[in-house]
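Trainee: I am new to this structure and would like to understand the words used for it. Could we go through them one by one?

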Amino acid sequence: MEPNDLNAPGFEIPPELKGQLAITSLDRIYNWGRSASVWPLMFGLACCAIEMICTAASRYDLARFGMEIMRPSPRQSDLMIVSGTVTKKMVPNIVRLYNQMPEPKYVLAMGACASGGGPFKEGYNVVSGVDKYVPVDVYVPGCPPTPQALLNGLMKVQEKIKGETLKTSRWYRKGPDQAEIPIPLLGPDLIDPRKIALIKNGEKA
Amino acid sequence: MATPAPAQTIDLSARFPGILQPDTRPGYTGWIVDKSNLLEFASALKTELGYDYLSSLTGVDYLPEGKMEVVYQVYKTTGGPGVLFKVQVPRAEVVEVPSLMPVYPGVELQEREAWDMYGIKFTGHPDLRRILMWEGFAGYPLRKDWHEPYFEEEVKPFKSRWPEGKIVQAEGKNRFADNVTYPAGFDPENQTFKPEEALYDSLEKYQKAEIGLDTDHIIVNMGPQHPSTHGVFRVAVMLDGETVVNLKPVMGYLHRNHEKIGERNTYIMNMPYTDRLDYLASMSNNFGYALAVEKLMNVQPTERADYIRVMMAEMTRISNHLFLIGTLLNDLGAYFTPMLYALEERELILDIFEAVTGSRMMCNYFRFGGVARDLPEGTLQKVREIFFERLPRKIDELDRFLSENEIIRSRTVGQGVLTAEDAIKYSAAGPLARASGIPYDVRRAEPYSVYDRLEFDVCTRTHGDIYDRLMIRFDEIRQSIRIVQQVTKQIPEGPIVSMKPVYQVRVPAGEAYGRVEGPKGELGFYLISNGKPTPWRYHVRAPSFINLTAFGPMCVGQKLADAVAILGSIDIVLGEVDR
């Protein structure tokens, strides 16, 4: 990494100690460590997952970014790459996986389908984008995005991580954290639990 | 496998008087069978005439005529043309057709799909549940009078997008922007149905005979989020200790409504959608769809286009099999290492695709009557370099590292056996059937394109276990390399499209079934045209979906860890399973 990423500017390091000493802030060193060890969830939905695998393989080598450890368990991962079409049948499971991931967590919507429904948007079993249910940090366009595009998206995630501070981070605040996202239900069609009252009143029939 | 006289010499209507009549609608072929005689006809067709392989079953909704139809395609595993027969029933809320399960058990999942999509109730089917949508979903989506939330118009291009230039999207008309509507008086908190219960009931009800001690069975769910299911596939397994007692695949988590969307698209619009069916083998999907439409239009591709098509399809087969070898070993516990070697070679093929078509995976390369663009300069030289020098050596290296490995052999030899009889019974196709010793390959059974001019062997193995299914992929890669080598020598110069490229092709009314040997098995496209710019029916006979019929029976009696390896060796791609 560049020394300027870690060193806080404005502190002069004596020349004889250069290369052995860094003066930095807690935020910087903490974010530097976090951004260089993002563990993505091993979670493939559709076509984009194949490009995700290619990104992790020898040619594009995700390991350069400290992200080669894909974890199949949501409890051990902090980045969810939504790689493919989000269907109504699958979205309850995606929300459940998201809820199971520990904070701090990030979501990257990979490809047209995950970002907004893509070519299948008109389909009866397709959700128009994962952001209808789960907050998304970075969108990567493409159908499917090339590995280069995915790498660019992952670098954007790293940029975002580097811009956070411990003081304002939501997950270090006192008291209970933001409630979990309610899990959608399957009925005659997909039911958003946040709209149950509307459905019951017949406003949304 | 009986080998009776070729089909052309048998007059079916003379053999079955009064039961069936020829389909006389213009452009249609095949026979219309009376509903009450269906079982009798099918079993005679199978046992007497030797049509032992039911390739495809699908429903069709003829809304204007007020009837529904079930279309069956049967073939002989010894090769030759098949028999197409149909059952017609008047359209109703729920229509009933006898199930063909007693004759062709391979229809199990396909009948469930027709029930799910069309509401055709197959009487006698032991486990008729929804398959792609969930239990409790309202309506039968592929019926022509059923409209989805984002419905705009019956056919594309939508007027809201063209030609006025102002785009109005369907969700803009709805203040909740999700367009979903519910029946009046629907109470989401007190739903009566339980989607999972039907699945667990069917595990209990249809398990095989008890084995030994009276122990409690437990039900384990694997997936849809599980690293060994290659996507969003789910299996519900009933276990006795660690042994599988019964297993049911659960799918639909990637059901992207290809068929509903495809029936609204114009013919050429469907080409990029076929890429996304089996996303590891987009060129093969293009091939099958192009063949079906060309059959309807009665167009022949040019010779150069034919050779380019075959070359691309065989490269796709190699890249697909390389991916399978990597993932199967990943499932067996070798983690990512074999995958890295396999993907290295696959990338070389993807580079060629990118150079020729502009895209690595979603090639969208075939057009009716040819291909989209000619090979760029230097491509053939690059292909020769890879396919004469590098790839054969690398495949031998991969083979040497893997096939004699002691751990692989002890995990796979003799496990997950599918006998030849079972493979035919469950309509298994492609490498899965050939590993069980059935030399059935559409490229030889019903040659299309220029395959009859090329030399290659139909590879078979004899045991039908996981090891054979792994090794047959190596055999097929070697044969595909042989084909590509011949193509680079034989390919002529000339035009690449035989007809003028037009946006809106004219397709005469009729039906066509185009099938190719995809990397995973027989890939078929069943199309019905009524002369309009969009197909009336667009059905995909997906090999990985139908190969899953044999998955449950193969796993019974095996350990749970072996079920993972068996699934890996079938080679499924969820985009094609769920469509």
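Mentor: Read along the sequence, chain A follows the pattern α-α-α-β-α-β-α-β-α-β-β-α, where helices (H or I, at least four residues) and strands (E, at least two) are DSSP runs, numbered from the N terminus. The secondary structure of this chain comes to 7 helices and 5 strands. This is a predicted model, in which local features need pLDDT of at least 70 and side-chain atom pairs count only at pLDDT 80 or more, while totals for chains, interfaces and linings use all residues. Residues are numbered from 1 along each chain as its sequence is written, and chains are lettered from A and ligands numbered from 1 in the order in which they are written.

Trainee: What makes B:Tyr253 a buried residue?

Mentor: A residue is buried if 20 or more other C-beta atoms, placed from the backbone, lie within 10 Å of its own, exposed if 12 or fewer, and partly exposed in between. B:Tyr253 has 30 other C-beta atoms within 10 Å, and therefore counts as buried. This residue lies in the loop between strand S10 (243-250) and helix H5 (258-262) of chain B.

Trainee: Which residues does B:Tyr253 touch, not counting those up to four places away in sequence?

Mentor: Two residues are in contact if their C-beta atoms, placed from the backbone, lie within 7 Å. By that rule B:Tyr253 touches A:Thr87, A:Lys89 and A:Met90 in chain A, and B:Pro224, B:Val232, B:Arg234 and B:Asp578 in chain B.

Trainee: How many residues are in contact between chain B and chain A?

Mentor: There are 47 residues of chain B in contact with 45 residues of chain A. On the side of chain B that touches chain A, the largest share, 5 residues, comes from H9(B). The residues of that side divide into 29 nonpolar, 9 polar and 9 charged, where Ala, Val, Leu, Ile, Met, Phe, Trp, Tyr, Cys and Pro count as nonpolar, Asp, Glu, Lys and Arg as charged, and the others, Gly among them, as polar.

Trainee: Why is helix H3 (residues 47-56) of chain A called largely enclosed?

Mentor: Of the 10 residues of H3(A), 10 are buried, so the helix is largely enclosed by the rest of the structure. Among these buried residues are A:Cys47, A:Ile50, A:Glu51 and A:Ala56. What covers them includes strand S1 (79-83), strand S2 (106-110), helix H5 (111-116) and helix H6 (147-162) of chain A, together with H9 and helix H19 (574-578) of chain B.

Trainee: Why do S8 and S10 of chain B stand at the edges of their sheet?

Mentor: In chain B, 3 strands form an open sheet in the order S8-S9-S10, with antiparallel pairing; two strands pair if DSSP finds at least two bridges between them. Strand S8 (218-222) and S10 of chain B each have a single partner strand, so one side of each is left without a neighbour in the sheet. The twist averages 20° from one strand to the next, with axes taken as lines fitted to C-alpha atoms, for helices over the stretch in contact, and angles running from 0 to 180 degrees between N-to-C directions.

Trainee: How do you know that S9 and S10 of chain B are paired?

Mentor: Strand S9 (residues 234-240) of chain B is joined to S10(B) by 7 bridges, and the two run antiparallel. Pairing asks for at least two bridges, so the term applies.
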